[in-house]
Amino acid sequence: MKGGKNEKAKLKDSPQENGVQTNQYSSISPPASPVAQDEPFSTYFEEKVPIPENVNQVFSFRKLWAFTGPGFLMSIAYLDPGNIESDLQSGAKAGFKLLWVLLGATIIGLLLQRLAARLGVVTGMHLAEVCNRQYPTVPRVILWMMVELAIIGSDMQEVIGCAIALNLLSVGRIPLWAGVLITITDTFVFLFLDKYGLRKLEAFFGFLITVMALSFGYEYVLVKPDQGEVLKGMFIPYCADCGPVQLEQAVGIVGAVIMPHNIYLHSALVKSRDIDRKNKKEVKEANKYYFIESTVALFISFLINVFVVAVFAQAFYNKTNMEVNQECNATGSPHTDLFPLNNGTLEVDIYKGGVVLGCFFGPAALYIWAIGILAAGQSSTMTGTYSGQFVMEGFLNLRWSRFARVLLTRSIAITPTLLVAIFQDVQHLTGMNDFLNVLQSMQLPFALIPILTFTSLTSIMNDFANGMVWKISGGIVILVVCAINMYFVVVYVTALNSVLLYVIAALLSIAYLCFVGYLAWHCLVALGVSCLDFGSRMQLSRHTDIYLLTDMDTDNVDER
């Protein structure tokens, strides 16, 4: 299966194929269209951000600024309405005791995002495109469907989060279904901001993150949480007097923070910088600055999440429905009936969260909370739309017009959301959110296993492939994260109390575990477990064989 010297010479002499720049450093290149096109294919990276040259310092703020953008767009998934709801429930149910879980989940998320960014920088392709080239047709289609499910689940939470915010801001005048339609419309408008320049689009996302920071920061200053308890909860990994409720909440935090579609998104966003991938030094430098930028972005997202947890931990931990009902009644709130007259522990979601803030701290607290939720929902809906388009284009190699792609990916995700908004009441969405969290938890292996597989292969990553430490630690982290999320799924399913549902869940679980096992098998072979390498070469030989990819000659890589 040797390519021969002629083949390598052909690669050296032909840096472009079908109009697509090939990569002399990486052994795989961006996929070209199967049909030659007269007009260049419209992507989101028609305008690539230039990187300053002739900057010889070990660290340059000018270069960091040039690379700043993709990490902040990626960090929005850590601030979507699903995360905000997980935060406030964590504070209301466990106080400050689970802040260390949030910190740990964010650090794990950063390490996984590092892998995603490196794949995009080194190969010039995002994860969906690499999956398209490496997996056979049937596994590839199944993988696409699973990731699409995760995007739909996340999108439903984000769009409904926007609709809830609009409902709160309008004092109930805008119903849920109308809020969904408004969100869909303005998402279409905002998505085309990149036509005015990629940096302007990134600045707009930066503005939305700033709105979230100011809104939830205002609530933090207003409530005045105990700073000692905040630090204790953040750095002492212990949960005193915690039971099943707190354990489930801890698992929910991990599931909300680490989202499968975000791995696909980040690997695509890093392609927006003008990097010469044939130059090893530039690739290494890009990896460094992207990691710094992602660290800063996730640190900011972590602080915003801490604001939310701390507010509800300080103000509403161990509060009963009776206490909240009395306070809302005393302030003349129209939402008093949300809280029954019993001594049950207060249960909140992003809608009730805004209501209780308004009851205890005044109408300004409610409206500022709603503005923060609106910013979170709007920004995450837009990045979710990008995720959907990258995933669909990558897995299916779509060559449609920009508008057609946006319309298709939006329709797939929005249709179930609109149905839920029409038939569900804004006050009774907690059960649906639990189901969506479970749905997304089940999809995690379909992002984490492929990203570890491909970043561990020297045939794809060359000198930038994961070392032994990263292979082992990455495998352990992914195993732990998947196990935690499977526990969350089991807890949810066992609470259904239906024999029919148990049978359906069992049948689906068998198919699910078989496919996860298939992906894990290829991952283990990529990690170096050679005893499992039977048949895999034949399986993938019809595509670009991930174990027998012809290594491209890297002797002539510019080491400037």
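Guide: Helix 6 and helix 16 are roughly parallel to each other, because their axes cross at roughly 20°. Keep in mind that this is a predicted model.

Visitor: Within what distance do the axes of helix 6 and helix 16 come?
Guide: They come within 7 Å. Helix 6 covers residues 127–134, and helix 16 covers residues 363–396.

Visitor: Is the crossing of helix 6 and helix 16 left-handed or right-handed?
Guide: It is right-handed.

Visitor: Which residues make the contact?
Guide: Helix 6 gives A128, E129, C131 and N132. Helix 16 answers with F390, V391, G394 and F395.

Visitor: How do the residues of that contact of helix 6 with helix 16 divide?
Guide: Five are nonpolar, two are polar and one is charged.

Visitor: Next pair. At what angle do helix 5 and helix 11 cross?
Guide: At roughly 30°, with the axes coming within 9 Å. Helix 5 is residues 99–123 and helix 11 is residues 244–257. That angle is under 35 degrees, so helix 5 is roughly parallel to helix 11.

Visitor: And the hand of the crossing of helix 5 and helix 11, left or right?
Guide: Right-handed.

Visitor: What makes the contact there?
Guide: On helix 5, V101, L102, A105 and T106. On helix 11, A250, I253, V254 and V257. Seven of the contact residues are nonpolar, one is polar and none is charged.

Visitor: How do helix 21 and helix 22 pack?
Guide: Their angle is about 180°, and their axes are 13 Å apart. An angle over 145 counts as roughly antiparallel, so that is the label for helix 21 and helix 22.

Visitor: Which residues of helix 21 and helix 22 make the contact?
Guide: K471, M486, V493 and T494 come from helix 21. Y502, A505, Y512 and A526 come from helix 22. This contact has six nonpolar residues, one polar and one charged.

Visitor: Which lining residues are the closest to its centre?
Guide: M442, V489, A505, L508 and S509, out of 26 residues that line this pocket. A505 is also one of the residues of helix 22 in contact with helix 21.

Visitor: Which elements give two or more residues to the lining of that pocket?
Guide: Helix 7 (137–169), helix 18 (430–443), helix 21 (468–494) and helix 22 (499–526). The largest share comes from helix 22, with ten residues.

Visitor: How do the lining residues of the second largest pocket divide by class?
Guide: There are 23 nonpolar residues, three polar and no charged ones.

Visitor: Now cavities. How many of 30 Å³ or more are there?
Guide: The count comes to four.

Visitor: What volume has the second largest cavity?
Guide: About 70 Å³.

Visitor: What lines the second largest cavity?
Guide: The lining includes D80, N83, Q157, N437, Q440 and S441. G252, G255, A256 and M259 are also among the lining residues.

Visitor: Which elements give two or more residues to that cavity's lining?
Guide: Helix 4 (81–94), helix 11 and helix 18 do. Helix 11 is also the partner of helix 5 in the crossing at roughly 30°. Helix 18 also gives two or more residues to the lining of the second largest pocket.

Visitor: And how many residues of each class does the second largest cavity's lining have?
Guide: Three nonpolar, eight polar and one charged.

Notes
Residues numbered from 1 in each chain as written. Predicted model: local features only at pLDDT ≥ 70, side-chain atom pairs only at ≥ 80, totals over all residues. Heavy atoms only, no water. Axes fitted to C-alpha atoms, helices over the stretch in contact; angles between N-to-C directions. Helix = DSSP H or I, 4+ residues; strand = E, 2+ residues; numbered from the N terminus. Parallel < 35°, antiparallel > 145°, perpendicular 65-115°, else oblique. Left-handed = near helix turned anticlockwise from the far one by under 90°. Contact = heavy atoms within 4.5 Å. Nonpolar A, V, L, I, M, F, W, Y, C, P; charged D, E, K, R; others polar. 1 Å grid on protein atoms, 1.4 Å probe; cavity = no way out; pocket = protein on both sides within 12 Å on 5 of 7 lines; lining within 4 Å. Points joined across faces, edges and corners; volume = space filled by probe spheres on them.
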